[in-house]
Amino acid sequence: MQISRHIVIDDSEYELRAIRAQGSGGQNVNKVASAIHLRMDIKASSLAQEYKDRLLALKDHRITASGMIIIKAQSHRTQELNRQEALMRLRQLIKSVIYTARPRKATRPTLGSKKRRLEGKKQRGQKKALRGRVDH
């Protein structure tokens with residue numbers, strides 16, 4: 001499975017198992033195993049150690065304390081669509097730890113922006129001062 005240009009996960013690293021879907025589904029729900037259970041051991045995967053650590057540090061209900069990713073896909077009627085959705089969710093989870101936001105550099109406001117801000121405050125104050133009672 002292709003995660004990004006540089007990261008590929010082998011199919012043997014995760015396990016897909018068909019199970020019966022929960023909830024209402026009519027006559028077919030009891031005989032068709034359409035839901036998919038995806039299990040992947042983070043520690044045994046071929047991901048870089050940095051990504052493994054980030055995945056394990058995530059506060060996600062799909063990641064167990066022992067380091068297993070468990071994804072259950074059952075929103076579609078067919079097993080194949082649920083399999084594709086489970087793999088897509090796994091790909092999104094791994095992508096979320098690959099890309100990190102660049103830290104923000106603190107900047108200071110320019111002199112011109114400070115002057116414009118103070119000038120606007122003065123104008124609003126003058127406008128509000130004119131709203132008072134009028135003495136005749």
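Here is a friendly conversation about a predicted model of one protein chain.

Student: Which pattern of helices and strands does the chain follow along the sequence?

Tutor: Let us start with the inventory: the chain has 3 helices and 3 strands. This is a predicted model, so we are reading a computed structure. Read along the sequence, the elements follow the pattern β-β-α-β-α-α.

Student: Is the chain a compact globule or more spread out?

Tutor: The C-alpha trace spans about 90 × 45 × 30 Å along its principal axes. For 136 residues the globule rule gives 14 Å, while the radius of gyration of the chain is 28 Å, well over that value. The chain is therefore more spread out than a compact globule.

Student: What percentage of the residues of the chain count as buried?

Tutor: A residue counts as buried when its relative accessible area is under 20%. The chain exposes about 10600 Å², and carbon and sulfur atoms supply 50% of that area. Of the 136 residues, the share that counts as buried is 27%.

Student: How are helices α1 and α2 oriented to each other: roughly parallel or roughly perpendicular?

Tutor: Helix α1 covers residues 49–57 and helix α2 covers residues 79–98. Their axes come within 9 Å and cross at roughly 110°. Angles of 65 to 115 degrees count as roughly perpendicular. That makes α1, relative to α2, roughly perpendicular.

Student: Which residues in α2 meet α1?

Tutor: On the α1 side, the residues are Tyr51, Arg54 and Leu55. By class, this contact has 6 nonpolar, no polar and 1 charged residues. The partners in α2 are Leu93, Ile94, Val97 and Ile98.

Student: Is Ser34 buried or exposed?

Tutor: Ser34 is found in the loop between β1 (14–19) and β2 (35–41). Leaving aside neighbours within four places in sequence, Ser34 is in contact with Ile19, Ala21, Ala73, His76, Arg77, Thr78, Gln79 and Asn82. The relative accessible area of Ser34 is 10%, so Ser34 is buried.

Student: What is the relative accessible area of Asn82?

Tutor: Asn82 has its place in helix α2. Not counting residues up to four places away in sequence, Asn82 touches Ser34, Ala35, Ile36, Ala73, Gln74, Ser75 and His76. Asn82 is buried, and its relative accessible area is 0%.

Student: How far apart in space are Asn82 and Lys115?

Tutor: In sequence, Asn82 and Lys115 are 33 residues apart. In space, C-alpha to C-alpha, the distance is 59 Å.

Student: Is Lys43 buried or exposed?

Tutor: Lys43 has its place in the loop between β2 and α1. Beyond its neighbours within four places in sequence, Lys43 is in contact with Lys52, Leu56, Ser66 and Gly67. The cut-off for an exposed residue is over 50%. At 52% relative accessibility, Lys43 counts as exposed.

Student: Which residues does Ser45 touch, not counting those up to four places away in sequence?

Tutor: Ser45 is also a loop residue, found between β2 and α1. With a relative accessible area of 5%, Ser45 is buried. The residues that Ser45 touches are Glu13, Met40 and Lys52.

Student: How far apart in space are Lys114 and Leu16?

Tutor: Lys114 is found in helix α3 (residues 111–129). Lys114 is partly exposed, with a relative accessible area of 38%. Lys114 and Leu16 are 98 residues apart in sequence, and from C-alpha to C-alpha they are separated in space by 59 Å.

Note on methods:
Residues are numbered from 1 along each chain as its sequence is written. This is a predicted model: local features need pLDDT of at least 70, side-chain atom pairs count only at pLDDT 80 or more; totals for chains, interfaces and linings use all residues. Side-chain values use heavy atoms; hydrogens and water are left out. Axes are lines fitted to C-alpha atoms, for helices over the stretch in contact, and angles run from 0 to 180 degrees between N-to-C directions. Helices (H or I, at least four residues) and strands (E, at least two) are DSSP runs, numbered from the N terminus. Angles under 35 degrees count as roughly parallel, over 145 as roughly antiparallel, 65 to 115 as roughly perpendicular and the rest as oblique. Contact means heavy atoms within 4.5 Å. Ala, Val, Leu, Ile, Met, Phe, Trp, Tyr, Cys and Pro count as nonpolar, Asp, Glu, Lys and Arg as charged, and the others, Gly among them, as polar. The radius of gyration is taken over C-alpha atoms; the globule rule is 2.2 Å times the number of residues to the power 0.38. Buried means under 20% relative accessible area, exposed over 50%, partly exposed in between (1.4 Å probe, protein chains only). Accessible areas come from the Shrake-Rupley method with a 1.4 Å probe; for residues, only the protein chains shown count as cover.
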